[in-house]
Amino acid sequence: MKAITKLCATAAMVAFSATGALAAGGISNGVVKIGVLGDMSGVYSTGFSGPGAVAAVKMAVRDFGGKVLGKPIEVISADHQNKADVASSIARKWIDEDHVDMIADLTNSAVALAVQKLASDKHVITMATGAATSALTGKECTKYGIHYGYDTHALPVGTATAIVKNGGKSWYFITADYAFGHALQNNTAAVVKSLGGKVLGSSDVPLGTNDFSSYLLQAQASGAQVIGLANAGQDTVNAIKQAHEFGIVQGGQQLAGMLVLISDVKSLGTDVAKGLQFTSAWYWNQDAASRKWMKEYEKFSNGAAPTFPHAADYSLTMAYLKAIKAAGTDNADAVRAELGKMKINDFFAKGGYIRQDGLLIHDMYLLKVQKPKDGPWDVAKVVRTIPGKDAYFTLAQGGCPLVK
Amino acid sequence: MNVTTHPEIAEFDALSGPAGQTRGRALQAVFWVLLIGFVLVAPFMLYPVFVMQLLCFALFACAFNLLIGFTGLLSFGHAAFFGGAAYITGYALTAWGVPPIPGILLGAVFSAALGYVVGALAIRRQGIYFAMITLALAQIVYFFALQLPFTGGENGLQGIPRGHLLGFIDLNQTLNMYYFVAAVFMVGFLIIYRIIHSPFGQVLQAIRENEPRALSLGYNTDRYKLMAFVLSATLAGVAGSTKSIVFQFASLTDAHWQMSGEVILMTLLGGLGTIFGPVVGAFIVVALQQFLSGIGSWVQVVIGATFIACVLLFRRGVVGELARWLKVDSL
């Protein structure tokens, strides 16, 4: 009798552990949920994030077939209103109650850092596209946090390298006076100096300034060949507009934007932004695959044109779903390991791979504003391809505590 | 002259009559029961982090109401106290390893000191000029938060440890954290309630109604106003400090002028100069932000429409209108 009880107990234990293993191996809760947490209504909603990002993720899910490992894929989205506390409480709820498996977008550095930290504590993968700060994969890196597309190191470095090599040796910076602007300026200045160029001076401009005239006049008077705009968004747009009014480009100086999207150029007009050089993680007219994707995206999103963060959203969703397929589970550890192993080579990320610190290394492109040839969005041409390893910082430079 | 031709006076009589007062007391008791009941059971019905966020904002709005509702001073710079204290507490917890309660006290001391400086400058002027001075000084604080090395600029102060309460209660447990926040809120709320119903509070209300008359009665109104300002700033700081521990970060949003605007919105929606109004207002605004986040760009439109509806249809705010409808003088 005792033997039979023991046998039953053992059998039960085996059965239990088997179901346990099955749960760990399959898809948790029978569905893969991707949460797009972005700025749907604020300053970043047109370029970096917004409905365009949600559309890109949904399109990737459609193109993947809507199912992975036989289980459905669901996309949910929310507007964090650029408030880290709103973002944080949405993300917590998504993870705790809705069992979201991966959170994408995370435009706005404060939001991205807060959500990446919290998601990692709860073993959920985050893939930030819209956020710029290189701290995401530097000092604040986490086990499950991935930064996909660009950062405050890759953009200015790419631009500076190319311009200095083309003869733009002396620089003057117009810098947004806060950590982000200074990071852009310092990263760029380091490259300029290392390539034998020199920095003639810089002006710190308060965030949200409308009148750039005195700074532009100083830049003009400095006689620098290149004026580097170490700012973003409306600040950059204002600076470029007024530089046009002062005839800076006609006067023989070059303008270099450290963080410019093609949607900014489109809103300025190619006449005003003429001659502006900037680095982008992707340009829709760079090759046949990108043009094809752009057409599909426009069809999918009712005519809205994609920016590079939107393309990144598509690419990362594909990569994430492929990683789940390869790992045979949506378990965060297994998927993160798979993401670290795979090569990402699609229309967006050329020669891409995700490093131990979570940074996606891929080729970047130096663009120069030109008169549109192929339709209204053809506002620039690719001047130079910057290999990923030159654009991004090295593992040691980042200072990620997980890297030993 | 017939008194009844003046509706305000007739109303005043109805509100402050003995019947109105008794009804008021009974209704207040009902509201107290509702509030305490809600605070106790909310984490089991709603998402706890959401309720914690709600309580922090409710305390912030109540502190603000102490100034605008009971002293008649419209400050447009309360985000400086809320956000400033959040940074101080966050830094103390992260860099010095201070436990949560002393951390919150540090934040409160900071906002009290800041409130003293801002208040001392601002109360020299009245009305719109008062609001503008507070706004200007709050913007200075905002730019300090943006520039100082310890605040982390636009990235904010991240990864603040929640720590252990009194050395043995682990605040990383959601429920422990919740009841800690609930306790902070209740203490703050009781302090405000006590202030309003003290002789000091009566003087504040006298100043709100008619400052020259209060002055002529021999009250040093400037000192009363300054004291009210400092108290309000301190409690706003407590709310900000607590929020930074709940969310484990302090960001520029907390110190931005829009936050000053939001707290005005909360107070107006709930009911200016009511005791429970700001809590209701905070609930409405935070809930709208939270539950409408799924509909994207319409959030701001809905919040704006709610505000317009409030201004057009129920100017006294939700609780204010309720009090008027029930003919009680304070709720």
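This is a predicted model: local features need pLDDT of at least 70, side-chain atom pairs count only at pLDDT 80 or more; totals for chains, interfaces and linings use all residues.
**View 1. Chain A as a whole.** Welcome to the overall form of chain A, whose C-alpha trace spans about 100 × 45 × 35 Å along its principal axes. Its radius of gyration is 23 Å, which agrees with the value near 22 Å that a compact globule of 404 residues would have.

**View 2. The two domains of chain A.** Domain 1 is assigned to two stretches, 31-150 and 286-363, while domain 2 covers 154-258. Taken over C-alpha atoms, the centres of domain 1 of chain A and domain 2 of chain A are separated by 31 Å.

**View 3. Inside chain A.** Among the contacts in chain A with a separation of 6 or more, 71% are between residues 24 or more positions apart.

**View 4. Where chain A meets chain B.** This contact draws 28 residues from chain A and 26 residues from chain B. On the side of chain A that touches chain B, at least two residues each come from strand 3 (71-79), helix 3 (84-96), helix 4 (109-121) and helix 6 (179-194). Helix 3 of chain A gives the largest share of that side, eight residues.

**View 5. The residue classes on the chain A side.** What kinds of residues does chain A bring to its contact with chain B? By class, the side of chain A that touches chain B has 13 nonpolar residues, eight charged residues and seven polar residues.

Methods: Residues are numbered from 1 along each chain as its sequence is written. Chains are lettered from A and ligands numbered from 1 in the order in which they are written. Two residues are in contact if their C-beta atoms, placed from the backbone, lie within 7 Å. Helices (H or I, at least four residues) and strands (E, at least two) are DSSP runs, numbered from the N terminus. Ala, Val, Leu, Ile, Met, Phe, Trp, Tyr, Cys and Pro count as nonpolar, Asp, Glu, Lys and Arg as charged, and the others, Gly among them, as polar. Domain bounds come from an automatic or database domain assignment. The radius of gyration is taken over C-alpha atoms; the globule rule is 2.2 Å times the number of residues to the power 0.38.
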